[in-house]
Amino acid sequence: MTPAVCGTPSERRSRRHLAERELLPWRRRSDAARSALHPRIRFFIGRTHAAALLPEVMALIEQRRLSPEAVTTRVVEWNAAAAAYGEPAIKTRRPPNLSMVNASSTEAADLP
Amino acid sequence: MQPLSGVEYGGMLSDIVRVPHAAAMLAPVAPGLDAVDAVALGSVSDNVLDGYRAVAPHLTSLPGADVLIVCHGGQSVPLYAVQAALALGAGLVDYASDSAESLALAEHLGARPLQTNFEKPKRRYPMSLTRE
């Protein structure tokens with residue numbers, strides 16, 4: 001296992017929990033040492049650092065290499081969002097609103 | 001629905017939300033993106049990033065590698081992972097799921113769909129390792 005564990009208290013607890021059950025070496029090891037322990041399986045776990053990765057993803061979207069809207073399966077008006085939220089859909093979004101593109105920071109906070 | 005419906009700072013169903021430390025927490029929408037793109041960006045700070053980070057660092061280590069994505073339960077993150085894997089130069093992207101809708105969308109995005117019938121338990125368990 002090579003979990004991407006960060007340093008928050010809950011993540012340290014999770015790491016200790018696994019280590020106590022011999023599911024994970026407590027101290028960090030080099031990649032070579034990990035591979036020697038588990039040569040065929042590498043398991044990654046962790047939380048996404050949104051602020052760190054956002055520029056990479058936004059660049060792909062601007063280059064049209066990533067299209068989040070393609071995963072949308074349902075479009076509902078904003079005033080129907082509360083009812084639609086509990087209904088099945090891979091991804092639900094609101095209809096496009098041209099004023100949102102150049103919205104002020106206050107208006108942009110309205111994005112779902 | 002609390003806090004999603006809006007207590008404290010407001011949430012995704014609120015008409016107005018308060019954003020502490022807004023200068024760091026908000027990111028501008030690039031001027032080149034149109035209105036449809038802008039609406040779809042609502043998931044970028046969450047599910048899209050989750051899909052991206054599931055494949056991006058590993059495709060950096062193994063450029064052009066084939067990727068298997070297994071989807072059972074929540075479907076958007078694995079579908080975003082399909083997009084990210086293909087955008088980052090993965091070889092073959094296989095997508096295994098028991099959802100016909102999810103398989104069709106994955107194929108449309110460029111993955112090879114693999115129909116999989118996950119056997120679901122007929123009873124509930126106090127502990128589970130799958131996301132339902």
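**Close-up views of a two-chain model**

**View 1. Strands β1 and β2 of chain B lie side by side.** Strand β1 (residues 67-71) of chain B runs parallel to β2(B), and 5 bridges join the two. Strands pair here if DSSP finds at least two bridges between them. Helices and strands are DSSP runs, numbered from the N terminus: helices are H or I with at least four residues, strands E with at least two. Before you look further, please note that this is a predicted model, in which local features need pLDDT of at least 70, side-chain atom pairs count only at pLDDT 80 or more, and totals for chains, interfaces and linings use all residues. Residues are numbered from 1 along each chain as its sequence is written, while chains are lettered from A and ligands numbered from 1 in the order in which they are written. To find your place in this pair, look for V67(B), which stands opposite V93(B) in β2(B).

**View 2. β2(B) also pairs with β3(B) in an open sheet of 3 strands.** The order in chain B is β1-β2-β3, with parallel pairing. At the edges stand β1 and β3 (112-115) of chain B, each with a single partner strand, so one side of each has no neighbour in the sheet. From one strand to the next, the twist averages 25 degrees. Between β2(B) and β3(B) there are 4 bridges, and A96(B) can be seen opposite L114(B) in β3(B). Strand β2 (residues 93-97) of chain B is mostly covered, with 4 of its 5 residues buried. A residue is buried if 20 or more other C-beta atoms lie within 10 Å of its own, exposed if 12 or fewer, and partly exposed in between, with C-beta atoms placed from the backbone.

**View 3. Helices α4 and α5 of chain B pack against each other.** Helix α4 (residues 76-87) of chain B and helix α5 (residues 100-109) of chain B meet at an angle of about 15 degrees, and their axes are 10 Å apart. Axes are lines fitted to C-alpha atoms, for helices over the stretch in contact, and angles run from 0 to 180 degrees between N-to-C directions. The two helices are therefore roughly parallel to each other (angles under 35 degrees count as roughly parallel). From α4(B), the contact uses L79(B), V82(B) and Q83(B); from α5(B), it uses S102(B), L105(B), A106(B) and L109(B). Two residues are in contact if their C-beta atoms, placed from the backbone, lie within 7 Å. By class, this contact has 5 nonpolar, 2 polar and no charged residues. Ala, Val, Leu, Ile, Met, Phe, Trp, Tyr, Cys and Pro count as nonpolar, Asp, Glu, Lys and Arg as charged, and the others, Gly among them, as polar.

**View 4. Chain B touches chain A.** Here 42 residues from chain B meet 35 residues from chain A. On the chain B side, α2 (35-40), α3 (44-61), α4 and α5 each give two or more residues, and α3(B) has the largest share with 7 residues. That side has 27 nonpolar, 9 polar and 6 charged residues.

**View 5. A50(A) meets residues of chain B.** You will find A50(A) in helix α3 (residues 50-62) of chain A. Beyond its neighbours within four places in sequence, A50(A) is in contact with S45(B) and L49(B). A50(A) counts as partly exposed because it has 17 C-beta neighbours inside 10 Å.

Key
Parallel < 35°, antiparallel > 145°, perpendicular 65-115°, else oblique.
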